[in-house]
Amino acid sequence: MNKSAVAGVVAQGRRALHRRADPARIMEGRERRFAAALLAPAFLALMATTTFPLLFLIWTSFYRMNLSMPFMDGFAGLDNYRELLADPRFWQSLGVSLVYTASTVVLQVVIGLALAVLVHGMRRGQGLFRMVAILPVVLSPAVVGMVWRSFMLAPDFGVVDYLAVTAGLGSHNWLGDPTLALVSVIVIHTWQWTPFAFMVLLASLAALPDDIYEAARIDRASAWQSFRRITLPLLRPAIVMVIIMRTMVALTAFAAIFTVTGGGPGTATEILNLYAYRKSFTELSIGYGSALAVALLVFTLVVSGVLFALRRAK
Amino acid sequence: MTAKRLRLGILIGVSGLFLLAWIFPILWSLLNAFKTEQDVLAYPPKLVFSPTLDAFRDVLFGATSILPNLASSFIISIGTTIVTMALAIPAAYALARLRIPGKRWAGFYVLATQMLPPVGIIIPYFLILRNIGWIDTYQGIILIYLSFSLPFAIWLLVSYFEDIPFEMEEAAFLDGASRLKTLRRIILPQVQGGVAVTVVFVFLNAWNEFLFAVVLSGNTVRPVTIAMFNFVSVEQTLWAKLAAVSALAMLPVIVLGVVAQKHIVKGLTVGAVKGGGRR
Amino acid sequence: MSARGQVQLDGIVKKHGAFAALKGIDFEIKPGEFFALLGPSGSGKSTTLRILAGLDAPTSGRILVDGEDVTGADARERDVAMVFQSYALYPHMTVFENIAFPLEMAKRPKAEIGPAVREAAAKVKIEHLLDRKPGQLSGGQQQRCALARAIVRKARLFLLDEPLSNLDAKLRLETRVELKKLQRSLGVTAVYVTHDQEEAMTLADRMAVFMEGEIRQIGRPADVFAQPNSIEVAAFIGSPPMNLIPARYQDGSVLIGGRRLPTMLQTHGERDVVVGVRPSAVRFEADGIPATVEVVENLGDAAILDMSLAGTALRARYDRFPLPREGDAMGVTVRPEDIHLFDPVSRRRL
């Protein structure tokens, strides 16, 4: 082949190249189609079970909709929200939510962290703690609530009552007194979920390299100093993550409170989540219940926004 | 030396106390399941008693047997697990592995769906399922269980898929395997552990779910967690039977928890530790 | 067979957004040739290999294998085999299953697979390990397993991405020799990516020196070593690297340390140059340019002397014993044919 012929072939090739889509596109397109085929079913299901109901929920929150009085149904505009802002029970449930969430999360993290540090330092018996810690976490909150309500907190024969009497504190109506009932549901939630914080933090502690502690010892840091200056900062991401995860769960806690107090006595343990449920499915006021659920969503978003901002802060 | 000993003693005492606090309520309710009604109600609480299987016999084979409810719980949990995994595995693989535009947004979307309070999902879905007659049906409850199991499963699986080196897949392509074959022959066998962990979690979450079950259950779909209320009423609570039902409801998840203990800790921490490190 | 495995890359450009990882790569590989892509990390050599394999697509340009345009073809359609730096063995399969996998994917009959696997395993001497899982193998055995998996299918192209870099030094030398023999006996075209110039020098028939997304020089290793065409290539090839000393050129000689060293270049005039001298080309003569020994790195059979020569550093290889001591004054000189001259501005060879 002479030179000009070669040049001709090359030029032809170049032209062919220009006519065709660029190869990177072709390859990406193939990958995209494959990805789409894999993603589509799951994302359709996700949209159908989360995004669509969310939109529907917002829509119903603008309606008067009561299943016991369907003849009254109709568009209500912002009425539900206006009612909500003037509803003392809403504000109270918001307050209960705040108290419940803040106290359970703080207790879980503080106790969980303390125990994690304690157990991490143990040379033997860690396995026992891990094993026991699994138990509450895997249980149904409804069953946990039932167990506590029936066998721990029952006034006449419950173990807690017995211990209180033995300790000289006297018998109490643990679930009948508004303050004690709130304390009880907080204790139950803390009991069930502290092991979660404990396990996560213990695993994070175990993942920290040993040599930094050795270095700290050589730098003559005391145990407390190395906890404050080394352990805490290194665990911070895990701690913050635990706080965020536990906060989301506490805000939407339902089963344990439902089985233990049902929100009572009165509305003493009625967190916003439970109020939305009761309004919708006990009082059948779906429209107003939807507005309450939207309020809960907004509250959740605000709280998580604050938490995520805090995470980024330092 | 003595001060050190003392401190050690206190530490062991404190940690032992917490150990007891966690295990006692569970053990106590299990114990009560082996008591007679009188023994349950005894004051002070009885630690020593003559055990009986009466309560178990009654709740399993008596007039109000909870066997159908256990079956119902299993159908819901297994059904949810199968559907969830079938949808989540391909999606997680694509999110973890493929170069696609908007991947970050897709991941964020999966995460964001978990922010939605369940009560906000069940209100509209109650209306929808009522309209299409799916209240008290398995398809209805499994469908809505996807709202929490699917994002969780995708998220957990992605972290396992991400652990497999890219080169493994590329080697398979060069060996002539198609994408689907690579996924089946090379990738999936390597994430078996992750799939197992995810299955355990999805099963547990479905077994333990309560809010959706309360709203959607009826005579057909009636899991144990709902059925245990049969033994509690204003007039009379059947304590020993309630304890037996609780024990039966706890049994599968405790067995699962103990068997899959290591995996569960990993599953719990994947989100927290990894997520904390990277995102 | 020998006609298989001809490769031509034609104007390959790869862009990641505004960043150009490859700025136009052209080369041709003859059938049966052992071709090395040599360069520092980030120079684009691995990207080029991945594009050749079909794992990445170029932004523009063409890839021809045996005259056939495979630019848009999937990796699995290209009939190429590859050994990865990490080996990428399938951990859940035995060695046998690993090696058999490409044959299975090619839908070869079962009866054919067993013998083929054993033959490939024998070639790399791991026939006794076929029942093991990769996790039970040493690094060297894993590397052999990866080689066997790559050769079993008798693909037309054999791509190797730093296959020796995870082995310890001794094993690396042994495997290097075997790799070359293997390639020769198979007669297959091999494209070999490495950052180790010694590997490229010893293994390759020809090599392409990559820098910053471009090929700086293509040629036989000995030619590239003897005639580096730029300062960068000169500095990269050879160990210890070439001394590069800014100096003044005047009518056929360079001025270093106040002395005139004659060069092979015979142009009149005066200009700034960079003088390149390999450490092994530095000669010691009592009446040479005076230099002071600062550090002696004893290699056993020779030493590298770090010297100071009229204010500039000079490294030299020294193999006479006893070795000089630190602080000693010595005279050095360089023969005209050992002096490389470069333009300090264009950085090209003069």
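This is a guided tour of a predicted model, chain by chain and interface by interface.

Residues are numbered from 1 along each chain as its sequence is written, and chains are lettered from A in the order in which they are written. In this predicted model local features need pLDDT of at least 70, side-chain atom pairs count only at pLDDT 80 or more, and totals for chains, interfaces and linings use all residues, while side-chain values use heavy atoms, without hydrogens and water.

**Stop 1: chain A**

Select residues 94–307 of chain A. UniProt, in an unreviewed entry, places "domain: ABC transmembrane type-1" there. UniProt positions follow the numbering used here, feature names are shortened, and annotations may be inferred rather than shown by experiment. The span is 78% helix and 0% strand, with its end C-alpha atoms 18 Å apart. Helices (H or I, at least four residues) and strands (E, at least two) are DSSP runs, numbered from the N terminus.

Now colour chain A by domain. Domain 1 is 3–47 and domain 2 is 88–313; such bounds come from an automatic or database domain assignment. Their C-alpha centres lie 53 Å apart.

Zoom to Leu284(A). It sits in the loop between helix H12 (272–282) and helix H13 (286–313). Most residues other than glycine have a negative phi.

**Stop 2: chain B against chain A**

Show both chains. The contact (heavy atoms within 4.5 Å) takes 88 residues from chain B and 90 residues from chain A. The buried area is about 7900 Å², and carbon and sulfur atoms give 83% of that. Buried area is the accessible area (1.4 Å probe) that two parts lose on being put together, summed over both. Pick Trp22(B), Met115(B) and Ile123(B): they supply 10% of the area that chain B buries here, more than any other three residues.

How many salt bridges are there between chain B and chain A? The count is two, where a salt bridge is a side-chain nitrogen of Lys or Arg within 4 Å of a carboxyl oxygen of Asp or Glu. On chain B, helix H1 (residues 2–32) gives the largest share of the side touching chain A, 13 residues. That side divides into 68 nonpolar, 15 polar and five charged residues. Nonpolar means Ala, Val, Leu, Ile, Met, Phe, Trp, Tyr, Cys and Pro; charged means Asp, Glu, Lys and Arg; the others, Gly among them, are polar.

**Stop 3: spans of chain B**

The unreviewed UniProt entry marks "transmembrane region" at several spans of chain B, including 74–96 and 238–259. Residues 74–96 are 100% helix, with end C-alpha atoms 31 Å apart. Residues 238–259 are 95% helix, and their end C-alpha atoms lie 32 Å apart.

**Stop 4: chain B against chain C**

Here 17 residues of chain B are in contact with 23 residues of chain C. About 1900 Å² is buried, with 57% from carbon and sulfur atoms. The salt bridge count is four. Select Glu170(B) and Arg50(C): the closest N and O atoms of this salt bridge are 2.6 Å apart. Helix H8 (166–174) and helix H9 (179–190) of chain B each give two or more residues to the side touching chain C. H8(B) gives the most, with seven residues.

**Stop 5: chain C**

Select residues 7–237 of chain C, listed by UniProt (unreviewed entry) as "domain: ABC transporter". This span is 36% helix and 26% strand.

Finish at two cis peptide bonds. Ser239(C) and Pro240(C) are joined by one, with omega about -5°. Phe321(C) and Pro322(C) are joined by another, with omega about 5°. Pro322(C) is in the loop between strand E17 (312–318) and strand E18 (329–333).
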